[in-house]
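Please look over the sequence and the structure shown here before reading the notes on helix packing and backbone geometry.

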Amino acid sequence: MTHIKKIAVIGSGTMGNGIAHVFAQNEYSVSLIDVQQDALDKAMATVTKNLDRQIKKELISKADKERILNNITPYTTMETGVEGAALVVEAATENIALKLKLFQDLDKFCAPDTILASNTSSISITKIAATTERKDKVIGMHFMNPVPVMELIEVIRGYDTSDEVTKTIMEVSKGLGKTPVEVNDYPGFIANRILMPMINEAIYSLYEGVAGVSEIDTVMKLGMAHPMGPLQLADFIGLDVCLSILRVLYEGFGNPKYAPCPLLINMVTAGHKGAKSGSGFYDWSGGSKALKLAPQFQH
């Protein structure tokens, strides 16, 4: 299975276009699939912008940029886009109903030996695999954001994922210049099982008036050497995504320590989802370079 040359990426959002970028840069033929042409156009513009950034840093040449872009072909139809792909990486919205439907369709449209991977950050790989007739060939491939920069790939084995498929994805990940870490399929895996309770506790600390946004983030940056404070990181990830993952942890373990903070629930309900909406714990309306506390958290 290590002869994989063509892959398909489902979803062209932040994660999807980043995954397509990294595979294309490493000489894979990539089908980038999304139901909306506008989303595909935006994704290709983002990849182009990120490649220009790499040129400016002298990491690639202009010729490399053209080669990488030529390795990506956009499609609005899944059945056409996945044709001939030996690996499909699903990077759609973190919605369990959507993902289950996508994998049912992928199972029908893809060749029997095609590996189906999900970039899910918390949803059970075993549950996703159960919708297919190839449970041994379904695996988690959790990239970190921003994909072209971050080194880690969390490789999640479902209950029936085969040793051969796991080995293949570990090797593919290393070939992308990433560091894969194999974990088993339990709620939140490792990354979010540890990260989300920390973010939730930071939100509780704010909610209970222990300290303000900037104070909480400063403690974690200067005291624990984190490059970004937990509240800024939550904004960057998306408060709706954080809430979704915490609910998966809470429902999966039935442990009240994973219950999402009421402040987080209220903010998401009100539409304050962080960087993507322009407002969360911080005001992102001026972009990350003009970051300041959101009005409701200013003293």
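The report below takes up helix contacts and then some points of backbone geometry in this predicted model.

## Helix H8 against helix H11

Two packed helices are described by the angle between their axes and the distance between the axes. For helix H8, residues 191-207, and helix H11, residues 239-253, the axes come within 10 Å and cross at roughly 110°. Because angles of 65 to 115 degrees count as roughly perpendicular, H8 and H11 are described as roughly perpendicular to each other. The crossing of these two helices, H8 and H11, is left-handed.

On the H8 side, the contact is made by Asn192, Arg193, Met196, Pro197, Ile199 and Asn200, and these residues meet Cys242, Ile245, Leu246, Leu249 and Phe253 of H11.

## Helix H11 against helix H12

H11 also packs against helix H12, residues 262-269, where the axes come within 9 Å and cross at roughly 130°. This angle makes H11 oblique to H12, and the crossing of H11 with H12 is left-handed.

The residues of H11 that take part are Leu239, Asp240, Cys242, Leu243, Leu246 and Arg247, while H12 contributes Leu264, Ile265, Met267 and Val268. The contact of H11 with H12 divides into 8 nonpolar residues, no polar residues and 2 charged residues. Cys242 and Leu246 of H11 are listed in the contact with H8, and Cys242 and Leu246 are listed in the contact with H12 as well.

The peptide bond that runs from asparagine 145 to proline 146 is cis, with omega near 0°. Proline 146 belongs to the loop that lies between strand S6, residues 138-143, and strand S7, residues 152-157.

Glutamate 27, although it is not a glycine, has a positive phi of about 70°. This residue, glutamate 27, is placed in the loop between helix H1, residues 14-25, and strand S2, residues 29-33.

Phenylalanine 189 is a residue other than glycine that likewise has a positive phi, with a value near 55°, and phenylalanine 189 lies in the loop between strand S8, residues 179-184, and H8. Is phenylalanine 189 buried or exposed? Since buried means under 20% relative accessible area, phenylalanine 189, with a relative accessible area of 3%, is buried.

Notes
Residues are numbered from 1 along each chain as its sequence is written. This is a predicted model: local features need pLDDT of at least 70, side-chain atom pairs count only at pLDDT 80 or more; totals for chains, interfaces and linings use all residues. Side-chain values use heavy atoms; hydrogens and water are left out. Axes are lines fitted to C-alpha atoms, for helices over the stretch in contact, and angles run from 0 to 180 degrees between N-to-C directions. Helices (H or I, at least four residues) and strands (E, at least two) are DSSP runs, numbered from the N terminus. Angles under 35 degrees count as roughly parallel, over 145 as roughly antiparallel, 65 to 115 as roughly perpendicular and the rest as oblique. A crossing is left-handed if the near helix is turned anticlockwise from the far one by less than a right angle, and right-handed if clockwise. Contact means heavy atoms within 4.5 Å. Buried means under 20% relative accessible area, exposed over 50%, partly exposed in between (1.4 Å probe, protein chains only). Ala, Val, Leu, Ile, Met, Phe, Trp, Tyr, Cys and Pro count as nonpolar, Asp, Glu, Lys and Arg as charged, and the others, Gly among them, as polar.
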